[in-house]
Number of protein chains: 2
Amino acid sequence: MSLIQIYDTTLRDGTQSEGFTLSAHDKLRVARRLDELGIAFIEGGWPGSNPKDAEFFERAREMEWKTALITAFGSTCRVKGGPEDDANIQALLNAHTPVCTLFGKTWNLHVTEVLLTTLDDNLRIIEQSIAYLRAAGRRVIYDAEHFFDGFKADPVYAVETLKAAVRGGAETVVLCDTNGGTLPWEAESIIREMKAAIQHPFGIHTHNDSECAAINALIAVREGATQVQGTINGVGERCGNANLCSIMANLELKMGRRCLPDGGLEKLSELSHFVDEVANVTPNDHLPYVGKSAFAHKGGVHVAAMRRCEQSYQHVAPEQVGNKMRVVVSALSGRANIISKAEEHGVAVGSAVDVAGVLKDVKELEARGFSFEAAEASVAMMLKRQQPDYKPVFELIDFLVNVEHRQGRGIFAEAMVKVKVGDEVLHTAAEGNGPVNALDLALRKALIGHYPQISAFNLADYKVRILDGQNGTDAITRVLIDTRNTTRLWSTVGASANIIEASWQALVDAVEYGLSVAH
Amino acid sequence: MSLIQIYDTTLRDGTQSEGFTLSAHDKLRVARRLDELGIAFIEGGWPGSNPKDAEFFERAREMEWKTALITAFGSTCRVKGGPEDDANIQALLNAHTPVCTLFGKTWNLHVTEVLLTTLDDNLRIIEQSIAYLRAAGRRVIYDAEHFFDGFKADPVYAVETLKAAVRGGAETVVLCDTNGGTLPWEAESIIREMKAAIQHPFGIHTHNDSECAAINALIAVREGATQVQGTINGVGERCGNANLCSIMANLELKMGRRCLPDGGLEKLSELSHFVDEVANVTPNDHLPYVGKSAFAHKGGVHVAAMRRCEQSYQHVAPEQVGNKMRVVVSALSGRANIISKAEEHGVAVGSAVDVAGVLKDVKELEARGFSFEAAEASVAMMLKRQQPDYKPVFELIDFLVNVEHRQGRGIFAEAMVKVKVGDEVLHTAAEGNGPVNALDLALRKALIGHYPQISAFNLADYKVRILDGQNGTDAITRVLIDTRNTTRLWSTVGASANIIEASWQALVDAVEYGLSVAH
């Protein structure tokens, strides 16, 4: 059986989710990871709709992709005028992607009440828009918006819209449950009726408003769908899109259908957490397969049974999806993780590096609010500090940060730093557009004489989260800093009740790590 | 058709969820609300397992219940000795509930490898334990643990365990997908085979490890199940139990099956939020039917379509489950979004409120880094400030924030605030565990004399992001603050290159909005 095509729309439909936003840079980082997993299609955005998406496509064009084809999303052209005069269609072409995904109306109600046109004109613009993109050399996927609701209202017309898309040259027609209201047995019978009326490769795109998005996608695959659209962690407008994490795991582990290259599925949990970290949203620990709690056992009875027989309380082996079994009461060993991290960062794991000690530190720090999943440079620094020849770049003596608003003068921020480099004490001050920036600049001033390469370091991103918000003002603040120079980007972490202290910790790791790799 | 019995296990299986705990008092509050909704059975806990549950049953006995029967949960007696010598069974009796729910082993693997007994002895203790409770005057529900896995391993033995339960006197046998690994078509065919072998009222209890818990429960109802077990919001061990919120809404609104008395379903969203509040966990805004985002529309195209035709982007009317349609204000908004918001906040949209002006402000501020989609209180304040009778709560003169690290003394943060309330100038200072906390405390000190209700405001969450980090240190910082008092939670936003200024903006909106709604 052929591979099921996985079509990821985290970067487009996912960002329609309330509270989930990605910058162009974030989108590129996520796309890179999706490609590494082995996803077939990555929908990058809607080029006509905002400048952020235009930037994504421009930069994506210059990158190399292993398995993924980048797709650009847009709507059929306007009823008046043809595709050649349509700004949206032109923006799609200008995105220069190998594939375009076009959506059009299936539901007669939407054609007449929302699009305010005739049923015939709608068929015409579907066919015309697709044919135009095909003539320009693009592969085209057609998303039949509201397919299931449209089919319920008028099955003949719904099928006619698919036929128009096929005539236009769409390689796949995708059945969308846009409002997420369809139950699986309805989906099944509608797909069967559709197949009796038209034979063409089809895909499925579902939403979770009835808590059936993932299963509706799997039902469609059983009925012959060759493509599944969804998002990582099921993010998306309202209740979200179909969760690709659950879908891919169910397909490969339970339905005997492949959708990823060898080794892909084992990166699933890591990818899930990476997306949350990049978007700066709190992960849902209870997500099937990939959640931190998905294989965590709290009850004493369960834990005892697990020790007798692993299979007794888990439906698959967590390693298959890159997750791990956790016993909530007792810590599990993670020596292997630390050792592979050490190797990754070129730290020799000999007698000098206390792997168990680093592991213990990681666990203690995570318990205090640190999170090392997206902060590999901080882990690397913990390992490097274990090496016998390690010397700190500098030693902190004092710092002071001041932010002042005075009527008539506006706001300003300044910082003072006193550090020791070798035997020299350096005492510097700087103004910044904010306190962390001021601190960063004062520290650079102190170090630049000894380490001129620091001038190429840039703060690329700075993310802050309050952990356990219930504790109100006593809560721990976690800071993630992304730093880059001309050739690479690295991430560090700090955590403290004081945001400035947490920022300082992350800043110090960022500077030390940067200096250790950029000579 | 008769009512489907809803069996809630939030208080027992739900509390097996990592991060979800309830005190005995919390349990009683939740049980009261479940009863008001019209739930048939409320499983209060496992009396043998901890003193908290014992306290719950003692106090529950003295309360009056409208529709609900309280049930106590426990396991079959030990293989050696009978139920009369079994501490667990005795604790069940001592809970004095009208109903007991007993679970037993179905899967041959578990009998021999975990329970370490024989298949025959397992049948004996199932029948014996139930019969003993029946003789003591209890109604008994039997939970067949691992029913689906057990059936796959040995269908004949799995059915034998159910028959033993029926012989003992169980009124309902409940098919449990304990490990959550069963897909709906497997569940369907196993239930059909089971029905061919034994005719007795049956229920369903599912877990969400394959993201199929809710749909498996609905499949069972289609196959004739009379009872559905699950939890509010789907809390539970690992990936959670079946989410009763989705199940009850799907049953009543889409499958024509009643499970609640009249008016019950309309209390669903409130109940969902209440459970999160009592357990002090962050609500999942994207939950089907009951989540804050379940009927929220972000795209301008969607909002315009919704105003033309409500049905166009929602699968049910949100009022049916006590939720509401929300318009998310963002850069993608049109006039329609702003007018909807103004109406929501009771701001008369007359000549005094310049809708186009507010829309223009929203877009300009979003271009500068603000994000209003998660900051409704800031949008409300923009609208309120347009009203002719608007008076600011206070006027800022100066503020100063100081964070200092001194060798040997560690780190500390303090703030000074000078504001004008009416004609009075207030000048205050405070220390905090971080700069924003210090600023917040100093501002509260200044205002509390005039506005004592401010003492009930709590910082619930604080999120910071650097936008378009490519700009390095010139980047804009966006701050989102969630504030709550005893009855509500509101969100505000600020954006500036200076994190303290951005925090201050969000803090000011939070205080002003809070004071405008909390008298």
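How many residues from chain A and from chain B does the contact take? The contact takes 94 residues from chain A and 95 residues from chain B, where two residues are in contact if their C-beta atoms, placed from the backbone, lie within 7 Å. This is a predicted model, in which local features need pLDDT of at least 70 and side-chain atom pairs count only at pLDDT 80 or more, whereas totals for chains, interfaces and linings use all residues. Residues are numbered from 1 along each chain as its sequence is written, and chains are lettered from A and ligands numbered from 1 in the order in which they are written.

**View 1. The side of chain A that touches chain B.** Strand β11 (residues 395–406) of chain A supplies the largest share of this side, 10 residues; helices (H or I, at least four residues) and strands (E, at least two) are DSSP runs, numbered from the N terminus. By class, the side of chain A that touches chain B has 35 nonpolar, 39 polar and 20 charged residues, with Ala, Val, Leu, Ile, Met, Phe, Trp, Tyr, Cys and Pro counted as nonpolar, Asp, Glu, Lys and Arg as charged, and the others, Gly among them, as polar. Over seven bridges, β11(A) pairs in the antiparallel sense with strand β11 (residues 395–406) of chain B, two strands being paired if DSSP finds at least two bridges between them. Within this pairing, B:His405 in β11(B) is the bridge partner of A:Phe399.

**View 2. The barrel of chain A.** Eight strands of chain A close into a barrel in the order β1-β2-β3-β4-β5-β6-β7-β8, with parallel pairing. Neighbouring strands of this sheet are turned by 25 degrees against each other on average, direction ignored; axes are lines fitted to C-alpha atoms, for helices over the stretch in contact, and angles run from 0 to 180 degrees between N-to-C directions. Helix α9 (residues 213–222) of chain A lies across β6, β7 (202–206) and β8 (227–230), and runs at about 170 degrees to β7(A).

**View 3. Strand β5 of chain A and its two partners.** Seven bridges join strand β4 (residues 99–105) of chain A to β5(A) in parallel, and A:Phe103 stands opposite A:Asp143 in β5(A). Strand β5 (residues 139–145) also pairs in the parallel sense with strand β6 (residues 172–177) of chain A, over four bridges; here A:Asp143 stands opposite A:Val174, and A:Ile141 stands opposite A:Thr172.

**View 4. The surroundings of A:Ser272.** A:Ser272, found in helix α11 (residues 268–279) of chain A, counts as buried because it has 26 C-beta neighbours inside 10 Å. Leaving aside its neighbours within four places in sequence, A:Ser272 is in contact with A:Ile232, A:Asn233, A:Cys245, A:Leu287 and A:Val290.

**View 5. Helices α16 and α17 of chain A.** The axes of helix α16 (residues 435–447) and helix α17 (residues 499–517) come within 11 Å and cross at roughly 40 degrees, and the two helices are therefore oblique to each other (angles under 35 degrees count as roughly parallel, over 145 as roughly antiparallel, 65 to 115 as roughly perpendicular and the rest as oblique). Among the residues that make this contact are A:Leu439 and A:Leu443 of α16(A) and A:Trp504 and A:Leu507 of α17(A). The residues of the contact divide into eight nonpolar, one polar and one charged.

Key:
A residue is buried if 20 or more other C-beta atoms lie within 10 Å of its own, exposed if 12 or fewer, and partly exposed in between; C-beta atoms are placed from the backbone.
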